[in-house]
Every structure is written in C-alpha cells, then in structure tokens.
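Hello,

Here is the structure I promised to pass on. My notes on one of its domain interfaces follow below.

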Amino acid sequence: MTDREAVAHLLRRATFGPTADEVDAAERAGPAATLDSLLNPDRSDRGATATPVPALPPDPYAALTKESTREQRQRANAERREQLQRLTLWWLDRMVAAEDGLTEKLLFFWHGHWATSAQKVKSAHLMLGQLETLRRHGRGPLGPLVAAMVRDPALILWLDGQKNTRKAPNENLARELMELFTLGIGSYTEADVKAGARALTGWVVDRRSGRARFEARRHDPGEKTILGHSGRFDAEAYAGLLAAQPAAATFVAGRLWFRYAGTDVPAPAGLAGTDTVATLRTLFSSPAFVRTRGTLVKQPVEWVVGALRQLGIRPSKLPEQQRKQLLAGLNALDQVPLRPPSVGGWPAGPAWLTTSSLQARLRTAGMLAAATAPAVLTRLTAAPAADRPDTLARLLVVDGWGARTRAALTPLAGQPRTLLAAGLVSPEYTVS
C-alpha cells in the first residue's frame, strides 16, 4: 500500500469523507503525522466556529399541561418537528464544515452507541444537550462519559428512567446500560440488573428547564450488590463501577472496531481501553486495520456527508427544496441523525445494500450532482474526456475503479453531472 492509499484509508474511516486536497496534504505529511494530527487537532476549528449551535426557541412541549387542547398539542408537535429538522440540518452542516473531522465522526459514533431517538424524547433541546454531553466527554476516559450519561435527560426519558422509583423500579435503563453501553451480554446477571435499577432510582426530567434532577424521596438508598460489589450505590457510583470493569474496556473497544473497521477482519488480540483517543490510536495503528481497506459499507450518513464535503456542498447554503430532498434521501436510506431505530442503534454492513436503498442512493446522488459546487465541477471538466473517470476517482478519494465500473463511467465523460452521480453510487465509493 502506498502512503497515499494509507492516508486515504485512514481519513475515510476516521473522518467524514476526506477531500482530494486533504489527502494531498496528508500524503505530504505521511501516515504517522496524519494520525497524530487527527488525534491531537488544532484547537482553532474555523469550520466549527462558522457553524455555531443553533439558538432554538423554547421547547413547545414544556408549555403543555393536562388541560392543553388538541389544537395546542398539534401545534406543539408541529413546532417540535420543525426544531428537530433545524437541529438535524445544523448537525449535517457541522459534519461538512468541521476541520476536526475525527471528533465529529466520533460524536456520530457515540450518538449511535448511546442510541437515543427524538421520536420518543420529543425535544430538540434535550437531543442537543445530549450531543453536547457526548462531545464534551467523548474523546476522553469512559468513566466521566458514563457518569454524565446516566444523568442525561434525553437518555432518561428514552429508557423510562423517570418511571424508576424505589417503590416500582424500572429496569430498562440499567439493563441497556450494561448490555449495550458498557459491558455487553454475558458480563452481568439478572440480579445485577435489578440492583442497578435500584441504584438509578430518583432521577426525573423537568421538561420546562430541560434538566434532570434528583428527588431523594424516589431513590432507594439501601445496600445493593452489583457485579460482586456491595454498597449503597447511587447513579454516580454505579456508573463508576461499570466503567472500571475490564469487560467495559474490551466491549467499548470492540464497538469502536465494529464501526471503524467492520467485521471482515477480526479485531487485534487484546484491543481494549477506556480512554477513547488512546484506543483509536491503537486501532488505527494496527496492521489488522490496514487489511480492512475496501471491506466496510458506508453508513448512509457517512456516504451523504462524505459526498457533500467532496462536492463542495454546504447543507446550509442549499435552497429549501434541496434541503428537504437531502433529509428525504436520508430518511429513504433509513438513517436520519437523532432518529436511530432502537436502543440498539443502526445496523451495519450489507444491511445498507438493499434494492430500495439503491433507488434512494440514485435519487440522492442525482440531487448532490446537481448541487455540486462550480469549482469542483470545473476540476472535473478541465480534464480531457478520457481522463475524467480518473479525475473523478481523485475527487471522490477512490483508490481506483474496477473494470466494470470504469466501463460504466467512461461513456458518461461528456455528461459531468451524470458522471458524478454514477461515481457516488459505485461499489468502490459505497464500500470504503
């Protein structure tokens, strides 16, 4: 593998779709320096600064009461949908604009890991608050992240934590906290789930303030035995216990490998760690990671955001109709940010390669090709017609076209936007 292929592979996996210019710069720096810059980015991110967090109006649900009329509830629901759409478009815009691509991609990983859906939470404010928590703690040790998440209002609502009281413990949050978020199946018992639920009692969400608060009268202060440890565990102590388990270091590292490297190549023996950036360094430096090139099907959000970046398109600059088409495309591809299908998150691999998804990709690729920035289109058309498939490969950061794809692309050289759309739905672009 050449240095260019190595840094392109790294950037495709660690970030959202590198541009040709970014690969050029990484090739000059070399693989080791590129990895260092990804893991230790410059604090001044001009792209993030240019896409500030939106100032959302008050949560429409906060004003509802038991006496609210049907019309008031319908109006609040419409306002909620508008706020969530605005937040989703902002996040897509931030994914495209951010210079610190690793942190933005990592935030999307954690969003899928702690899968929480606005469909039930019904609040853009709370979903934004969760994103900010994941962004604040996502690069560091696991302990502070777990401690923050067990008190996260969106997660509490999503997994019925507000219904968990000393008189009627609700096990949803405790079960998923161990099974899906920290330890994995087989690393705990049903007794641990029941005791964990008792530790999490007492937390409720105030819709008006958008905050979680602790109500001592609802909490079970008694002694609990969890994972062989006994004590008067509360939410924070329980979170700390889970994060300190050896199983957590192995499980979370395994989830990182699953999303960043896939399943075709086994994770290297001993891959574990509770510091996220350190684990990513081990992952990306592994010889096994090199062998995963060309095996990982891009998630729809990865596919769309990568295309937006490489074609010079900012969602915030698109006309309203095209913004709607962008969201409709992601919806048809079954992956809209802030709306994972279940607490288990989104699927992976061949699950994204269905007949219906191909049709949705074709429609979305056509829209993206039509919106391509003039400067990007000029780089493609400046090349002689015979060279345009190779120029396209460079623009889309594809290492090379297979014979069948090249045969399909070559006749399209005189139709640059059609050529772009065809490149976006090619196997070489869809699988990285």
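Across the interface of domain 1 and domain 2 the rule finds 1 salt bridge, a term that asks for a side-chain nitrogen of Lys or Arg within 4 Å of a carboxyl oxygen of Asp or Glu. Arg-281 pairs with Asp-36 in a salt bridge, and their closest N and O atoms are 2.9 Å apart.

On the side of domain 1 that touches domain 2, α1 (3–14) and α3 (31–39) each give two or more residues, and α1 supplies the largest share, 4 residues. Helices here are DSSP runs of H or I with at least four residues, numbered from the N terminus.

This is a predicted model, where local features need pLDDT of at least 70, side-chain atom pairs count only at pLDDT 80 or more, and totals for chains, interfaces and linings use all residues. Residues are numbered from 1 along each chain as its sequence is written, and side-chain values use heavy atoms, with hydrogens and water left out.

As for area, about 820 Å² is buried between domain 1 and domain 2, with 66% from carbon and sulfur atoms (accessible area, 1.4 Å probe, that two parts lose on being put together, summed over both). In domain 1, Arg-13, Leu-35 and Leu-39 lose the most area to domain 2, together 59% of what that side buries.

Best wishes
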